[in-house]
Structures are given as C-alpha cells and as structure tokens.
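Welcome! Here is a short briefing to read alongside the sequence and the 3D view.

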Amino acid sequence: MYAKFFKRAIDVILSFIALSVLSPILLILIIVGAIAMKGNPFFTQLRPGKISKKTGKEKIFRLIKFRTMSNAKDKDGNLLPDEVRLNKYGKILRSTSLDELPELINILIGNMSIVGPRPQLVRDMVFMTDEQRMRHTVRPGLSGLAQVNGRNNITWEEKFEWDAKYREKITFVGDIKIILKTVIKVFKRDDTVRDGTASDIDFGDWLIAEGKIDEKLYEEKQKEAKELIKV
C-alpha cells in the first residue's frame, strides 16, 4: 500500500520542502562551486532509472550533482586521474555529501526517490545479471540500505544484496529508519569513498580485478554501455 500509493507523494512533498528550505545553501554552493571549478558548478550524468512498463527497459535519466572534480586535462586532451582532479573543495563536498543535494530535483520530477537503490552508472548496469537488474523495478534513491550498511566500503555483490533486500520489502517505517541512519552517516562522514581511492571503482573494473570476467567480455559490455548512452 505504502510503496504503491504514498511513497511518491511523500517524495514530492519532502523534496519540495527541502529545496525551499535549503535554497540559500544551494545558492552559496552554486556561486562557490563556479569559482572553485572555474565554470559550471553542476555535474550531470546519464544513469539507469526505473524499468518502464511500456518498454520493459530501464529509463535512462540525467542525474544532477554538484561538481567535485575539475575538467583538468593533460597535453593530449585526456582527463587527468580522479585523484588529481579532485580538489580540496570537491573533497569537502564529498565528505559532507553536499554534492548530492541537487538530486532533490531528480526526486521532485520523478526520476528518483528519497529512499531506494542508488542509481549506478550505465556502464555498471550492463555488467549486472538479470537478477541484479531487478533493483531497477523501483525508483533509484538518494540513499538506500546499501548506503547505510557500508556504502562504498562493501563489495559490489553486497551492494546488490542490500538492494534486493530493500526491493523485496518497502515500508514507511523502513524508509524512515534508512533516512535517520543516513543523517547519522552524513554527520559522521562514514564510507564516503572506498578506502585508499579517490572514488569508488566501477562494477566492470571490479569484476576484472576479481577475475570474474575476461577482457573480451569487458570490452563488449563497454561498447554496449556507450550505445545505450547514445539513445
């Protein structure tokens, strides 16, 4: 009853209130971000959303975040490594999770929910099994069970297990608990990035590192992801 009739209405109401209340902070971050990043303070990226009943496929939407990495490139025009492009301002945004605030817009317009499986990259989605992609039968969330149970310091398989557990039982009380745990995590700044890295490792790269797939399949899936983004 809650998931079918009330969850979306609550998302709209709470995201609208949050955007209104936080508008001064958002304005400050836009101005400071434009200066710190020497340009556009926003970062957008195509992510897989909820599976459409009409097409039976994930709806690809554009996720909005505050930019945490610069667009610095080498002499050949290639982007520098993440750890180089992630400046001090970006680290502050990530550690406080302030970079996630613009996703309230995604929630308001219906691409996301306050609570649900985190929207991964399209190039992560193509490596998922059919069972793992069942996570997309619900709207992706700003936070979810995986985020309050290790976030970026658990394996990809563990993330998918938590996503499946959430999808199987969505309740109002459960969502409230996740929101409260998320707030605690944000204040404690826990698990914002994987230990020893500037950002989390892609699912495909993790599968390669774990020896679960070979280079040929890896390249095929990367091409598939690029084609999906073109659509």
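**A hairpin, a pocket and a helix pair**

Strand β1 (residues 42-51) and strand β2 (residues 58-66) pair in the antiparallel sense over eight bridges. This is a predicted model, in which local features need pLDDT of at least 70 and side-chain atom pairs count only at pLDDT 80 or more, while totals for chains, interfaces and linings use all residues. Residues are numbered from 1 along each chain as its sequence is written, and side-chain values use heavy atoms, leaving out hydrogens and water.

**The hairpin**
- Strands pair if DSSP finds at least two bridges between them; strands (E, at least two residues) and helices (H or I, at least four) are DSSP runs numbered from the N terminus.
- β1 and β2 form a hairpin with six residues between them, and glycine 56 in the turn has a positive phi of about 75°.
- Leucine 46 has arginine 62 of β2 as its bridge partner, and threonine 44 stands opposite isoleucine 64 in β2.

**The second largest pocket**
- Two or more lining residues come from each of α1 (2-21), β1, β2 and β3 (113-115), with the largest share, five residues, from α1.

**The helix pair**
- α1 and helix α2 (residues 23-36) pack at an angle of about 60°, with their axes 4 Å apart; axes are lines fitted to C-alpha atoms over the stretch in contact, and angles run from 0 to 180 degrees between N-to-C directions.
- That makes α1 oblique to α2, because angles under 35 degrees count as roughly parallel, over 145 as roughly antiparallel, 65 to 115 as roughly perpendicular and the rest as oblique.
- Leu19, Ser20 and Val21 of α1 meet Ser23, Pro24 and Leu26 of α2 in this contact, where contact means heavy atoms within 4.5 Å.
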